[in-house]
Amino acid sequence: MSLNLYDTSTRTVREFVPVEPGRVSMYLCGATVQAPPHIGHIRSGVNFDVLRRWLMRQGFDVTFCRNVTDLDDKIIRVAAAEDVPWFVVAERNQRAFTWAYDQLGCLPPTVEPRAMGHVPEMVELMRRLIDKGHAYAAGGDVYFDVMSYADRYGKLSNQKLENMWAAGDTDTDSLKRDPRDFALWKGAKPGEPTWPTPWGRGRPGWHLECSAMATKYLGETFDIHGGGVDLIFPHHENEIAQSQAAGDGFARYWLHNGLLTLGGEKMSKSLGNSLLIPEMFHKVRAVELRYYLVAAHYRSPIDYSDEALQEAAAGYRRIEGFVTRAAEVIHDVDAAAPLPQAFVDAMDDDLNVSQALAVIHEVVREGNVALAHGNKEQVARLLAETQNMLDVLGLDPRSPQWRTTGDSGLREVVDALVAVALEQRQAARARKDYGAADAIRDQLAAAGIVVEDTPQGPRWELAR
């Protein structure tokens with residue numbers, strides 16, 4: 001079975017065939033950095049990190065470009081409210097996003113371009129569109145002429161042009177030939193940053209930047225363009241229009257992840273229902289939050305609840321418990337061990353991670369039985385399968401990632417302190433001072449540390 005992905009542009013599941021054999025080019029619409037990230041923002045990064053990892057596991061050389069929108073209307077409004085330059089807001093929140101991606105185990109992008117570093121490329125794209133009759137300058141602004149592309153505009157979002165409302169992206173609609181035309185460039189306004197162009201000073205519109213950056217780093221035609229389902233219209237629709245009208249093939253597959261809602265409403269700062277990433281780490285560990293975000297199919301919506309989060313965390317800990325116990329018996333894991341075919345089939349079926357996790361849990365159940373019966377050979381095989389499957393999802397508890405970030409950065413310190421206490425407990429038991437040994441165990445329990453005596457010696461975990 002080959003990899004099949006749901007393509008929004010055709011509304012079908014299609015076999016994935018890259019432009020260039022053995023290589024994959026992928027663009028993800030990243031953060032607009034007017035505020036720090038909540039879990040709704042980060043879901044997209046985690047979902048597409050799983051796709052990237054699966055492509056890499058299949059032997060593809062993946063070039064992954066994730067942009068940063070470091071200037072737009074929202075950032076300007078926040079900066080004005082705080083009475084600071086726009087770049088102060090952008091830089092602060094960009095760092096918060098980078099930290100959050102790192103904490104959740106996302107591999108760093110191959111390239112992470114910032115929009116304001118690519119104004120020359122945007123100006124050149126506008127020039128091409130004007131020369132081809134698909135854009136026009138008016139009063140310092142530059143607009144895309146939707147009617148010049150009328151036969152194809154709306155294909156991605158499955159809309160008819162006659163049913164579309166005005167773009168609503170400027171306060172200068174009177175300059176437009178058609179209210180549905182969208183701004184490529186916004187003329188200079190007092191207090192806003194500006195750049196020179198042949199049509200006057202100003203700043204880019206939101207849609208222009210992604211077309212310019214995607215083609216700069218991935219080529220005129222590339223494989224995959226991703227983002228949240230809320231970006232299908234107008235952002236991605238407009239990207240396609242301006243890129244293909246200019247003569248670029250642009251993306252061959254469009255993938256969109258579902259939204260993460262709270263009480264059925266999209267998470268947003270304006271609604272006051274944001275669950276910021278640092279706040280989430282008071283509820284669960286970083287790896288458990290990643291498990292929660294990848295467990296649902298990437299195209300499905302997730303309606304957040306604390307109960308569902310804790311259930312996901314408990315599910316991950318069952319997997320982690322087997323890996324930890326098995327690793328005490330098996331010290332060398334075969335990283336090249338083949339993945340179970342059921343897991344491969346699930347991942348190739350439009351990244352059916354929920355089914356892939358069901359395969360992992362079944363292997364873990366078999367592994368626990370093998371551990372109970374002391375079948376070391378079978379434990380070794382099942383541990384290798386489990387860790388290799390978890391690696392694809394970025395969830396291997398023995399990965400250095402989870403030993404050096406978030407909750408686990410502190411784990412090494414706690415581990416060393418608990419080890420001292422356990423040594424004292426073992427020494428007390430050796431001299432048959434069971435009262436002292438029990439007292440140490442009780443003190444650890446009071447601190448939230450559960451000790452389990454095993455044939456391989458005592459092991460511990462945090463109480464939940």
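Which residue in β6 is the bridge partner of Tyr136?

Mentor: The bridge partner of Tyr136 in β6 is Tyr143. Please bear in mind throughout that this is a predicted model. Strand β6 comprises residues 141-144, and four bridges join it to β5 in an antiparallel arrangement.

These strands belong to an open sheet of four strands, in the order β5-β6-β7-β8, with antiparallel pairing. Its edge strands are β5, residues 135-138, and β8, and each of these pairs on one side only. On average, neighbouring strands of the sheet are turned by 20 degrees against each other, direction ignored. Helix α4, residues 119-131, packs on this sheet and touches β5, β6, β7 (182-187) and β8. The direction of α4 makes about 120 degrees with that of β7.

In α2, which covers residues 73-82, Ile75, Ile76 and Ala79 are buried. Seen down the axis of α2, its buried residues fall within an arc of 100 degrees, and therefore they line one face of the helix. Arg77, Ala80 and Ala81, on the other side of α2, are exposed. At the start of this helix, a side-chain oxygen of Asp72 comes to within 3.1 Å of the backbone nitrogen of Lys74. After α2 comes Asp83, with a positive phi near 55 degrees.

A further part concerns an annotation. In an unreviewed entry, UniProt assigns the label "binding site" to Cys29, Cys210, His235 and Glu239. These residues span 211 positions in sequence, yet no two of their C-alpha atoms are more than 11.1 Å apart, so they gather at one spot.

Two of the annotated residues may be followed in detail. Cys210 lies in helix α5, residues 206-218, and is buried, with a relative accessible area of 1%. Neighbours within four places in sequence aside, Cys210 is in contact with Tyr27, Cys29, Asn67, His235 and Glu239. His235 is found in helix α6, residues 232-245, and is likewise buried, with a relative accessible area of 1%. Not counting residues up to four places away in sequence, His235 touches Cys29, Trp206, His207 and Cys210. The side chains of His235 and His207 are also joined by a polar contact of 3.0 Å.

How values were computed:
Residues numbered from 1 in each chain as written. Predicted model: local features only at pLDDT ≥ 70, side-chain atom pairs only at ≥ 80, totals over all residues. Heavy atoms only, no water. UniProt positions renumbered as here; feature names shortened; annotations may be inferred. Helix = DSSP H or I, 4+ residues; strand = E, 2+ residues; numbered from the N terminus. Buried < 20%, exposed > 50% of the residue type's maximum accessible area, 1.4 Å probe, protein only. Contact = heavy atoms within 4.5 Å. Polar contact = N/O pair within 3.5 Å; in protein donor to acceptor, adjacent residues only side chain to side chain. Arc of directions from axis to C-beta. Pairing = 2+ DSSP bridges. Axes fitted to C-alpha atoms, helices over the stretch in contact; angles between N-to-C directions.
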